[in-house]
Amino acid sequence: MDGTQASPLQVDPKCLRNRVVIHVDLDSFYAQVEQVRLGLPREQPLAVQQWQLLVAVNYAARAKGLKKMSTVAEAKAACPEIMLVHTASIPNGDTEARYHPDPKYDTHKISLDVYRHASKKIMELLSRFSPKFQRASVDEAYLDMTDIVNAKINEMHSEGRISMDETSNMPIVDWTSCPGTIVGLTDGAEPPAQPLTTLGWGDLQLRIGSDLCTDIRAAVANELHYTCSAGISHNKTLSKLCSALNKPDKQTILLHDHVLSFLQPLPFQKIKNLGGKLGTEIEDIWNVETCGQVWQIPLATLQLKLGEASGMWVHDIVRGVCTEAVMQTQLQKSIGANKAFRNPPLKSMEDVFKWIEVLACEIFLRLKEEYETNTRWPKSFSMSYRIENRQTIAKSAPMPSRLRTVAPDILAKLALSLMGSQSIVPCRALSLGCNSFIKEDANAMSVAKFFKKVDDAIPLGEHPPILQDRPTDGAISDVTEKPTDKLLLDVDIQEQQSILKTFEADETDHCIQCDKCKQFVKADDVSLEEHQDFHVAMTLHREITADVLNAGRGSGLGKKKSEKGKQLPQSARKKPKTEHCVGSEITNFFKPK
């Protein structure tokens, strides 16, 4: 059988070429998060406040005439019973975001972590329903349900549960009990005829998709207590337009036969990517406002003015033609934290230092979350500042390794190192950021990798091959060496030298020379730390070997009686500290070339 043909129990794949795309949009997301957090009923008017403006207004408050970006004074006047919840903030000098009763712009920084965490839970839930899932923003996502829907249709077909129209040989789709609004059929002033049916495989796909969408929205409501609106259609553009039509807590279906009648009067700038510069350019050149008016512009004219690719895209998108795939969301490329200082600006370096600590804390917590979620760590760290009446100055450095970044103050110190000793007051803005994220190498070296397994160790009493003598760096100064002792202390020198070659840089530019072995090591945190681990491991190796030898002579694990109870030498106990090659400190363990 030809691979493109359908079995008798399956629908011809040519009949199921349309996609089924759902766009889910959380209803007044920030307000819902606070409503759920506080356990308030949906009937309670609530708005999320950021300083003196409302950044989110729930639908109970909208019914009172309030809108996003209204002032606090306007909100209280229009709706005295409204509950205003200020976003969480981090005060100057603190490191944790909390809900403060009266935060001030010049002393607090806004934190949106609570909304990011809520969004993460919602997106994890939504992704369960389809492997083709795309997070579009903090409160919206796309799901391509095509494969799931088509599998359901084939199952229904094999069981004889699809009613076919004898004239057209198309499936009869019953919308009578369909949840949601169907554009062009159930959105008019007059109630639709009953029973409400249409014909077509594409309509059947969307009918099943609408049932799946109902299940998705119910799961969000039951498990996480949020409501969402949704659009169901054959591509991302149409489903996104539909999700905004019947808010809140409803879903809307747009069938193929009603696409053009829906788009014709629609302002074209409501389409994603046409609301900005490109949309303004189209409006200015041709004096058009609706999709139907853009239809009148020939394709060749669009391409002449906008370019071949952009002209073709505009020509198609205003007609509802969109081939953009629902694809896995690309992970964020950067993380940033910033604070602007309007009036007054920061006037002392002490205040600058405090705010850098606040920003560093926010970055640190988000880096920790990013690593726990995606095992990624950034390669670059940056800080920028703007002095009053001057341009913004930005500086960057290699990011400290994850193992070194154990607390926010590591990032704060790096920012201060980049800033240098000059004064940056009066300061109007501060920003810290991390970018160039990569998956962390699971095979990064550690101290443990430099030790032999027990099974590989040389048994006591057996002599290793004679190797060249070398100094012991004073690590075992009180052991009276015998010939056998020296042989054991020099064990694995060849292997150690082999390991050392793994650190050797191809070129000596941008390298640091090790003060112990004189080898040039790449000037990045991972290479420096691994090289230090090698020396620490070798020091411990010599200590343990000496202890074993002296234990055999009955001398108390290689120490004199007066020295029993002493800790390991400083070189073995504490790893030398390293700093970035761009920083202000150079360690005494390494020295620059």
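A total of 22 salt bridges was counted in this predicted model. One of them pairs Lys247 with Asp27, and the closest N and O atoms of the two side chains lie 2.9 Å apart. Lys247 is in the loop between H7 and strand S13 (251-253), while Asp27 is in the loop between strand S1 (21-26) and helix H1 (29-38), so this bridge ties together parts of the chain that are 220 residues apart in sequence. Lys247 is partly exposed, at 26% relative accessibility, whereas Asp27 is buried, with a relative accessible area of 2%.

Another salt bridge joins the side chains of Lys132 and Asp147, with an N to O distance of 3.4 Å. This pair also links distant parts of the chain, although the two residues are 15 apart: Lys132 sits in the loop between helix H4 (113-126) and strand S7 (133-137), and Asp147 belongs to helix H5 (residues 146-158). Lys132 counts as partly exposed at 35% relative accessibility.

Within helix H13 (residues 349-374), Lys354 and Glu350 are four residues apart and hence separated by about one helical turn. Their side chains meet in a salt bridge of 3.8 Å, N to O. Glu350 is exposed, at 51% relative accessibility, and Lys354 partly exposed, at 33%.

Glu281, Glu283, Asp284 and Glu289 form a patch of negative charge on the surface. Of these, Asp284 is part of helix H9 (residues 277-286) and is exposed, with a relative accessible area of 59%.

Apart from neighbours within four places in sequence, Ile297 contacts Trp286, Val288 and Leu302. Trp286 is eleven residues away from Ile297 in sequence, and their C-alpha atoms are 8.3 Å apart. Helix H12 (residues 308-317) has Gly311, Val314, His315 and Ile317 as its buried residues, and these pack against helix H7 (236-243), H9, H10 and H11.

For the protein chain as a whole, the secondary structure comprises 18 helices and 20 strands. Of its 593 residues, 44% count as buried. Among contacts between residues at least 6 apart in sequence, 65% join residues at least 24 apart. The accessible surface comes to about 31,500 Å², and carbon and sulfur atoms account for 52% of it.

Terms used
Residues are numbered from 1 along each chain as its sequence is written. This is a predicted model: local features need pLDDT of at least 70, side-chain atom pairs count only at pLDDT 80 or more; totals for chains, interfaces and linings use all residues. Side-chain values use heavy atoms; hydrogens and water are left out. Patches are made of residues with over 30% relative accessible area and no salt bridge: like charges are joined within 9 Å, nonpolar side chains (Val, Leu, Ile, Met, Phe, Trp, Tyr) within 5 Å. Accessible areas come from the Shrake-Rupley method with a 1.4 Å probe; for residues, only the protein chains shown count as cover. A salt bridge is a side-chain nitrogen of Lys or Arg within 4 Å of a carboxyl oxygen of Asp or Glu. Lys and Arg count as positive and Asp and Glu as negative; His and the chain ends are not counted. The place of a charge is taken as NZ of Lys, CZ of Arg, CG of Asp or CD of Glu. Buried means under 20% relative accessible area, exposed over 50%, partly exposed in between (1.4 Å probe, protein chains only). Contact means heavy atoms within 4.5 Å.
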